[in-house]
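Welcome! Take a moment to look over the sequence and the 3D view, and then we can walk through them together.

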Amino acid sequence: MPPPRSIKIPAVLESLQAITEFVTAAASTAGFSARRTGDMELVLEEAVTNVFKYANPGNPGEIEVSCCSGGGKFSIEIRDSGKEFDITGLPDPDLSQDIAERPIGGLGAYLIKKLADEVSYRRLSGFNVLTLGFKQEPEK
Amino acid sequence: MNIATKKEANALVVAVSGRMDAVTAPEFEKSIADFIAQGEKTFLINLSGLEYISSAGLRGILASAKRLKEQDGKIIFSGLQGHVKEVFAISGFQGIFKIYDSDAEGLKGI
(Lines give C-alpha, C1' and ligand atoms only; values in the text may rest on other atoms or scores of the structure.)
Protein backbone atom coordinates (compact mmCIF):
# COMPACT_ATOMS: atom_id res chain seq x y z
CA MET A 1 0.00 0.00 0.00
CA PRO A 2 1.47 3.41 -0.94
CA PRO A 3 2.05 5.85 1.92
CA PRO A 4 -0.75 8.29 2.70
CA ARG A 5 -0.51 11.66 1.05
CA SER A 6 -1.74 14.81 2.68
CA ILE A 7 -2.40 18.49 2.20
CA LYS A 8 -2.43 21.06 5.00
CA ILE A 9 -4.08 24.32 4.10
CA PRO A 10 -6.00 27.25 5.68
CA ALA A 11 -9.55 26.22 6.62
CA VAL A 12 -11.25 28.73 4.33
CA LEU A 13 -13.57 28.41 1.32
CA GLU A 14 -10.76 29.53 -1.02
CA SER A 15 -8.99 26.23 -0.22
CA LEU A 16 -11.88 24.07 -1.44
CA GLN A 17 -10.66 23.62 -5.01
CA ALA A 18 -7.10 22.74 -3.98
CA ILE A 19 -8.40 20.10 -1.53
CA THR A 20 -10.82 18.46 -3.96
CA GLU A 21 -8.25 18.46 -6.76
CA PHE A 22 -5.67 16.86 -4.47
CA VAL A 23 -8.01 14.04 -3.43
CA THR A 24 -9.67 13.36 -6.78
CA ALA A 25 -6.27 13.20 -8.50
CA ALA A 26 -5.11 10.63 -5.92
CA ALA A 27 -8.31 8.58 -6.29
CA SER A 28 -8.08 8.68 -10.05
CA THR A 29 -4.45 7.54 -9.96
CA ALA A 30 -5.52 4.71 -7.62
CA GLY A 31 -7.89 3.51 -10.36
CA PHE A 32 -11.23 4.71 -9.03
CA SER A 33 -13.92 5.41 -11.64
CA ALA A 34 -14.98 8.93 -12.60
CA ARG A 35 -18.32 8.22 -10.98
CA ARG A 36 -16.82 7.14 -7.68
CA THR A 37 -14.34 10.01 -7.75
CA GLY A 38 -17.34 12.32 -8.26
CA ASP A 39 -18.98 10.88 -5.14
CA MET A 40 -15.76 11.52 -3.21
CA GLU A 41 -15.58 15.08 -4.46
CA LEU A 42 -19.10 15.79 -3.22
CA VAL A 43 -18.61 14.11 0.17
CA LEU A 44 -15.34 15.98 0.60
CA GLU A 45 -16.91 19.34 -0.22
CA GLU A 46 -19.68 18.71 2.30
CA ALA A 47 -17.24 17.71 5.04
CA VAL A 48 -14.68 20.47 4.58
CA THR A 49 -17.14 23.33 4.03
CA ASN A 50 -18.72 22.25 7.30
CA VAL A 51 -15.34 22.73 8.98
CA PHE A 52 -14.86 26.11 7.25
CA LYS A 53 -18.23 27.30 8.52
CA TYR A 54 -18.41 25.96 12.04
CA ALA A 55 -15.06 24.85 13.41
CA ASN A 56 -13.41 28.20 14.10
CA PRO A 57 -15.86 31.01 13.41
CA GLY A 58 -13.98 34.22 12.75
CA ASN A 59 -10.61 32.61 13.30
CA PRO A 60 -9.96 29.92 10.70
CA GLY A 61 -7.13 27.57 11.50
CA GLU A 62 -5.77 24.91 9.22
CA ILE A 63 -7.31 21.76 7.87
CA GLU A 64 -5.35 18.65 7.00
CA VAL A 65 -6.70 16.19 4.47
CA SER A 66 -4.92 12.87 3.95
CA CYS A 67 -5.81 10.02 1.69
CA CYS A 68 -4.63 6.51 1.04
CA SER A 69 -5.77 3.54 -0.98
CA GLY A 70 -5.38 -0.18 -0.94
CA GLY A 71 -7.42 -3.36 -1.22
CA GLY A 72 -10.03 -1.72 -3.44
CA LYS A 73 -10.72 0.92 -0.83
CA PHE A 74 -9.95 4.61 -0.73
CA SER A 75 -9.81 6.43 2.61
CA ILE A 76 -9.90 10.14 3.27
CA GLU A 77 -9.10 11.60 6.69
CA ILE A 78 -10.01 15.18 7.54
CA ARG A 79 -8.45 16.75 10.59
CA ASP A 80 -9.15 20.18 12.10
CA SER A 81 -8.44 21.82 15.44
CA GLY A 82 -11.82 23.54 15.71
CA LYS A 83 -14.47 23.02 18.35
CA GLU A 84 -15.72 19.49 18.82
CA PHE A 85 -18.30 18.61 16.21
CA ASP A 86 -19.52 15.14 15.27
CA ILE A 87 -21.23 15.33 11.91
CA THR A 88 -22.21 11.65 12.15
CA GLY A 89 -24.50 12.45 15.09
CA LEU A 90 -26.76 14.82 13.16
CA PRO A 91 -30.34 13.64 12.56
CA ASP A 92 -31.37 12.83 8.99
CA PRO A 93 -33.54 15.45 7.29
CA ASP A 94 -37.24 14.79 6.71
CA LEU A 95 -37.31 14.31 2.94
CA SER A 96 -41.11 14.30 2.80
CA GLN A 97 -41.43 17.98 3.73
CA ASP A 98 -42.50 20.32 0.94
CA ILE A 99 -40.81 23.54 -0.19
CA ALA A 100 -42.36 25.74 2.48
CA GLU A 101 -41.68 23.33 5.39
CA ARG A 102 -38.18 22.21 4.45
CA PRO A 103 -35.48 23.86 6.52
CA ILE A 104 -32.59 25.42 4.59
CA GLY A 105 -29.56 23.23 5.24
CA GLY A 106 -29.03 19.84 6.82
CA LEU A 107 -28.49 18.03 3.52
CA GLY A 108 -24.68 18.08 3.57
CA ALA A 109 -24.26 15.57 6.40
CA TYR A 110 -26.97 13.40 4.85
CA LEU A 111 -25.18 13.31 1.46
CA ILE A 112 -21.98 12.28 3.25
CA LYS A 113 -23.76 9.37 4.96
CA LYS A 114 -25.47 8.25 1.75
CA LEU A 115 -22.48 8.42 -0.60
CA ALA A 116 -19.56 7.27 1.53
CA ASP A 117 -19.35 3.56 2.44
CA GLU A 118 -17.84 4.31 5.84
CA VAL A 119 -18.04 7.43 7.97
CA SER A 120 -16.43 7.64 11.39
CA TYR A 121 -15.64 10.47 13.77
CA ARG A 122 -13.14 10.72 16.60
CA ARG A 123 -12.09 13.55 18.88
CA LEU A 124 -8.36 13.12 19.25
CA SER A 125 -6.08 15.39 21.33
CA GLY A 126 -8.05 18.53 20.49
CA PHE A 127 -8.67 17.58 16.86
CA ASN A 128 -11.81 16.57 15.02
CA VAL A 129 -10.91 13.56 12.89
CA LEU A 130 -13.42 12.47 10.27
CA THR A 131 -12.62 9.35 8.26
CA LEU A 132 -14.45 8.59 5.03
CA GLY A 133 -14.12 5.26 3.26
CA PHE A 134 -15.05 4.45 -0.34
CA LYS A 135 -15.12 1.12 -2.10
CA GLN A 136 -14.41 0.83 -5.82
CA GLU A 137 -18.11 0.50 -6.50
CA PRO A 138 -20.87 1.71 -4.17
CA GLU A 139 -22.72 -1.03 -2.30
CA LYS A 140 -26.10 0.66 -2.61
CA MET B 1 -20.75 28.13 -13.35
CA ASN B 2 -22.41 29.91 -16.24
CA ILE B 3 -25.98 31.25 -16.32
CA ALA B 4 -27.80 31.97 -19.58
CA THR B 5 -31.40 33.12 -19.82
CA LYS B 6 -34.08 33.04 -22.48
CA LYS B 7 -37.50 34.64 -22.14
CA GLU B 8 -40.36 32.41 -23.22
CA ALA B 9 -44.04 33.36 -23.27
CA ASN B 10 -44.87 31.73 -19.93
CA ALA B 11 -41.51 31.46 -18.15
CA LEU B 12 -37.94 32.62 -17.89
CA VAL B 13 -35.70 29.74 -18.94
CA VAL B 14 -32.44 29.80 -16.97
CA ALA B 15 -29.74 27.43 -18.20
CA VAL B 16 -27.13 26.74 -15.55
CA SER B 17 -23.95 24.98 -16.62
CA GLY B 18 -20.68 23.98 -15.01
CA ARG B 19 -20.54 23.55 -11.26
CA MET B 20 -22.91 24.64 -8.51
CA ASP B 21 -20.78 24.30 -5.38
CA ALA B 22 -20.09 26.21 -2.17
CA VAL B 23 -18.16 28.82 -4.14
CA THR B 24 -20.62 29.39 -7.00
CA ALA B 25 -24.07 28.62 -5.49
CA PRO B 26 -24.50 32.08 -3.90
CA GLU B 27 -24.15 33.53 -7.42
CA PHE B 28 -27.07 31.37 -8.63
CA GLU B 29 -29.25 32.41 -5.70
CA LYS B 30 -28.46 36.07 -6.28
CA SER B 31 -29.28 35.84 -10.00
CA ILE B 32 -32.68 34.31 -9.27
CA ALA B 33 -33.35 36.93 -6.56
CA ASP B 34 -32.49 39.67 -9.08
CA PHE B 35 -34.86 38.20 -11.69
CA ILE B 36 -37.62 37.98 -9.06
CA ALA B 37 -36.98 41.62 -8.15
CA GLN B 38 -37.39 42.45 -11.86
CA GLY B 39 -40.84 40.84 -11.77
CA GLU B 40 -40.16 37.30 -13.01
CA LYS B 41 -42.36 34.74 -11.28
CA THR B 42 -42.09 31.56 -13.30
CA PHE B 43 -38.73 29.88 -13.80
CA LEU B 44 -37.68 26.86 -15.79
CA ILE B 45 -34.17 25.92 -14.70
CA ASN B 46 -32.38 23.87 -17.35
CA LEU B 47 -29.63 21.80 -15.74
CA SER B 48 -28.55 19.76 -18.78
CA GLY B 49 -25.14 21.46 -18.76
CA LEU B 50 -24.64 21.20 -15.00
CA GLU B 51 -21.89 18.71 -14.16
CA TYR B 52 -21.80 18.99 -10.40
CA ILE B 53 -24.02 20.09 -7.52
CA SER B 54 -23.43 19.98 -3.78
CA SER B 55 -25.69 20.78 -0.82
CA ALA B 56 -24.72 24.44 -1.25
CA GLY B 57 -26.36 24.32 -4.69
CA LEU B 58 -29.43 22.57 -3.26
CA ARG B 59 -29.61 25.23 -0.58
CA GLY B 60 -29.57 27.99 -3.25
CA ILE B 61 -32.35 26.24 -5.15
CA LEU B 62 -34.49 25.70 -2.04
CA ALA B 63 -34.02 29.30 -0.88
CA SER B 64 -35.04 30.55 -4.34
CA ALA B 65 -38.07 28.23 -4.36
CA LYS B 66 -39.18 29.48 -0.93
CA ARG B 67 -38.85 33.10 -2.07
CA LEU B 68 -40.96 32.31 -5.16
CA LYS B 69 -43.57 30.41 -3.19
CA GLU B 70 -44.16 33.44 -0.98
CA GLN B 71 -44.99 35.40 -4.13
CA ASP B 72 -47.11 32.70 -5.79
CA GLY B 73 -44.29 32.07 -8.22
CA LYS B 74 -43.08 28.77 -9.60
CA ILE B 75 -39.79 27.01 -10.26
CA ILE B 76 -39.47 23.83 -12.33
CA PHE B 77 -36.50 21.96 -13.76
CA SER B 78 -35.41 20.23 -16.92
CA GLY B 79 -32.54 18.16 -18.29
CA LEU B 80 -31.02 16.68 -15.12
CA GLN B 81 -28.09 14.37 -15.89
CA GLY B 82 -26.00 11.76 -14.06
CA HIS B 83 -24.53 13.13 -10.86
CA VAL B 84 -27.02 16.00 -10.59
CA LYS B 85 -29.96 13.65 -11.07
CA GLU B 86 -28.59 11.35 -8.37
CA VAL B 87 -28.11 14.18 -5.87
CA PHE B 88 -31.67 15.41 -6.53
CA ALA B 89 -32.94 11.86 -5.87
CA ILE B 90 -30.97 11.33 -2.64
CA SER B 91 -32.01 14.66 -1.18
CA GLY B 92 -35.69 14.22 -2.00
CA PHE B 93 -35.75 17.15 -4.43
CA GLN B 94 -37.32 14.88 -7.04
CA GLY B 95 -40.35 14.69 -4.79
CA ILE B 96 -40.77 18.41 -4.12
CA PHE B 97 -40.03 19.84 -7.57
CA LYS B 98 -41.49 19.20 -11.01
CA ILE B 99 -38.74 17.85 -13.23
CA TYR B 100 -39.05 17.42 -17.01
CA ASP B 101 -36.83 15.79 -19.60
CA SER B 102 -36.80 18.82 -21.88
CA ASP B 103 -37.59 22.55 -21.88
CA ALA B 104 -40.45 21.96 -24.32
CA GLU B 105 -42.16 19.52 -21.96
CA GLY B 106 -41.57 21.82 -19.00
CA LEU B 107 -43.05 24.84 -20.77
CA LYS B 108 -46.07 22.77 -21.76
CA GLY B 109 -46.51 21.62 -18.15
CA ILE B 110 -46.59 25.11 -16.61
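This is a predicted model: local features need pLDDT of at least 70, side-chain atom pairs count only at pLDDT 80 or more; totals for chains, interfaces and linings use all residues.

## A helix across the sheet

Helix α2 (residues 34–54) of chain A lies across β2, β3 and β5 of chain A. Relative to β5(A), helix α2 of chain A runs at about 170 degrees.

What does this helix lie against? Chain A has an open sheet of five strands, in the order β1-β2-β3-β5-β4, and the pairing is antiparallel. At the edges are β1 (5–10) and β4 (118–124) of chain A, each of which pairs on one side only. From one strand to the next, the twist averages 15 degrees. Another helix, α1 (residues 16–29) of chain A, also packs on the sheet, where it touches β1, β2 (62–70) and β3 of chain A. The direction of α1 of chain A makes about 175 degrees with that of β1(A).

## Strand by strand through chain A

Strands of a sheet pair through backbone hydrogen bonds, in either a parallel or an antiparallel sense. In chain A, β1(A) and β2(A) run antiparallel and are joined by six bridges. One place to look is A:I7, whose bridge partner in β2(A) is A:V65. Next, β2(A) is joined to β3(A) by eight bridges, and these two strands also run antiparallel. Here A:S69 has A:F74 in β3(A) as its bridge partner. β2(A) and β3(A) form a hairpin with two residues between them, and A:G71 in the turn has a positive phi of about 60 degrees.

Which residue of β5(A) stands opposite A:F74? The residue is A:F134. Strand β3 (residues 73–80) of chain A pairs with strand β5 (residues 127–135) of chain A over eight bridges, in the antiparallel sense.

## A hairpin in chain B

Turn the view to chain B. Strand β1 (residues 2–7) of chain B and strand β2 (residues 12–20) of chain B pair over six bridges in the antiparallel sense. B:K6 has B:V13 in β2(B) as its bridge partner. Between β1(B) and β2(B), which form a hairpin, there are four residues.

## Where the two chains meet

How many residues does each chain bring to the contact? Chain B gives 25 residues and chain A gives 26 residues. The area buried between the two chains is about 2000 Å², and carbon and sulfur atoms give 63% of that area. Eleven residue pairs are in polar contact across the interface of chain B and chain A, counting pairs with both residues at pLDDT 80 or more. On the chain B side, β4 (50–53), α2 (55–70), α3 (82–90) and α4 (93–96) each supply at least two of the residues that touch chain A. The largest share comes from α2(B), with nine residues. By type, the residues of chain B that touch chain A divide into 14 nonpolar, five polar and six charged.

## A charged link between chains

Side chains of opposite charge can pair when their charged atoms come close. Over all chains, the structure holds 13 salt bridges. Why does the pair of A:E41 and B:R19 join two chains? A:E41 lies in helix α2 of chain A, while B:R19 lies in strand β2 of chain B, so the pair joins two chains. The salt bridge between these side chains has an N to O distance of 2.8 Å. Across the interface of chain B and chain A, there are two salt bridges. This brings us back to helix α2 of chain A, which lies across β2, β3 and β5 of chain A and holds A:E41.

Methods. Residues are numbered from 1 along each chain as its sequence is written. Chains are lettered from A and ligands numbered from 1 in the order in which they are written. Side-chain values use heavy atoms; hydrogens and water are left out. Contact means heavy atoms within 4.5 Å. Buried area is the accessible area (1.4 Å probe) that two parts lose on being put together, summed over both. A salt bridge is a side-chain nitrogen of Lys or Arg within 4 Å of a carboxyl oxygen of Asp or Glu. A polar contact is a pair of N or O atoms within 3.5 Å; within protein, one must be able to donate a hydrogen and the other to accept it, and residues adjacent in sequence count only if both atoms are side-chain atoms. Ala, Val, Leu, Ile, Met, Phe, Trp, Tyr, Cys and Pro count as nonpolar, Asp, Glu, Lys and Arg as charged, and the others, Gly among them, as polar. Two strands pair if DSSP finds at least two bridges between them. Axes are lines fitted to C-alpha atoms, for helices over the stretch in contact, and angles run from 0 to 180 degrees between N-to-C directions.
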